[in-house]
Amino acid sequence: MDSIFSILGWALLAVALTGTGYALLAAVLVSRFMRAAPKAPLQAPAVTILKPLHQDEPDLARNLETVFNHAYPGAVQIVFGAHDAGDPALSIVRALQAKYPQTDSVIVADAAYHGANAKVSNLINMLGAARHDVLVLSDSDIAVKQGWLAQVVEALHRPKVGVVTCFYTGQPAQGTNRLWSGLAAMGTSYGFLPNAILGFSLGLAAPCFGSTIALRRQTLEEIGGFNAFADLLADDYEIGRAVRLLVLQCGISVSMIQHSRQSCPICDAE
């Protein structure tokens, strides 16, 4: 019996040491990523940002304003889309358009559905209004920093990179239950983020997150356009996978952005 408890004790110690080593390695990799110096983009091509929307949500005005209040040396167009012209999210967009009249932005309200994925249908409807060849998709619950777009474009111009995405931290949403929203944000910052960075750094994962997906229009056409993902649930992952099948890489921008977490973890926009 003593030998059984001894073996069990050593086994538990091995598990504990493995978990500790994993946590320490993840912490080192996250720290290294967070300290990475941003690079100035060598080129500043015109960019169209696509923001699919569906209904109001906590922090929506704040999140969308960070996109209006960008710092990018090239031309930027922002396309907002919803299936319903009376969607309350569009009222927030119109208020921001009035606040930032110098920003080139347009609203597309189109009820057409092209498949089971309503968000992708929204993107299909919006694409016709996009004027530029560099496209940047970003979910509605994402807040970005001023250097975000420049860093994304810089990453997209690296050799063999076909699509760029961003890691993100959690941010408790205002106007919700602060306890549960805070716990959800902590899960993103202290659970998801270290695991994602470790997986990417060790070559175990090639993430592509809806927080940011940047690619050239030609690349989008080569993977079948948004229509190819109209019936897929994990459209962000599938876009990244389709680009990798072109023997192109998924780049990671050093810009860290924020994901507003509500009390319910299933809070992505349509």
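Contact here means heavy atoms within 4.5 Å, and the views below are taken from a predicted model.

**View 1. Packing of helix α2 against helix α3.** In this predicted model, helix α2 (residues 60-68) and helix α3 (residues 88-99) have axes that come within 10 Å and cross at roughly 40°. That angle makes α2 oblique to α3, and α2 passes α3 in a right-handed crossing. From α2, the residues Leu 60, Ala 61, Leu 64, Glu 65 and Phe 68 meet Ala 89, Ile 92, Val 93, Leu 96, Gln 97 and Lys 99 of α3. Sorted by class, this contact of α2 with α3 has 8 nonpolar, 1 polar and 2 charged residues.

**View 2. A network of salt bridges that links Lys 119, Asp 139 and Asp 235.** Lys 119 forms a salt bridge with Asp 139, in which the closest N and O atoms are 2.6 Å apart; Lys 119 lies in helix α4 (residues 118-127), whereas Asp 139 sits in the loop between β4 (134-137) and β5 (142-143), 20 residues apart. Lys 119 also meets Asp 235 through a salt bridge of 3.7 Å, N to O. Because Asp 235 lies in helix α8 (residues 235-244) and Lys 119 in helix α4, this pair ties together parts that are 116 residues apart in sequence. Lys 119 counts as buried at 13% relative accessibility, Asp 139 is buried with a relative accessible area of 11%, and Asp 235 is buried as well.

**View 3. The salt bridge between Arg 158 and Glu 154.** The closest N and O atoms of Arg 158 and Glu 154 are 3.0 Å apart. Arg 158 counts as partly exposed at 27% relative accessibility, while Glu 154 is buried, with a relative accessible area of 12%. A search of the whole structure finds 7 salt bridges.

Notes
Residues numbered from 1 in each chain as written. Predicted model: local features only at pLDDT ≥ 70, side-chain atom pairs only at ≥ 80, totals over all residues. Heavy atoms only, no water. Axes fitted to C-alpha atoms, helices over the stretch in contact; angles between N-to-C directions. Helix = DSSP H or I, 4+ residues; strand = E, 2+ residues; numbered from the N terminus. Parallel < 35°, antiparallel > 145°, perpendicular 65-115°, else oblique. Left-handed = near helix turned anticlockwise from the far one by under 90°. Nonpolar A, V, L, I, M, F, W, Y, C, P; charged D, E, K, R; others polar. Salt bridge = Lys/Arg side-chain N within 4 Å of Asp/Glu carboxyl O. Buried < 20%, exposed > 50% of the residue type's maximum accessible area, 1.4 Å probe, protein only.
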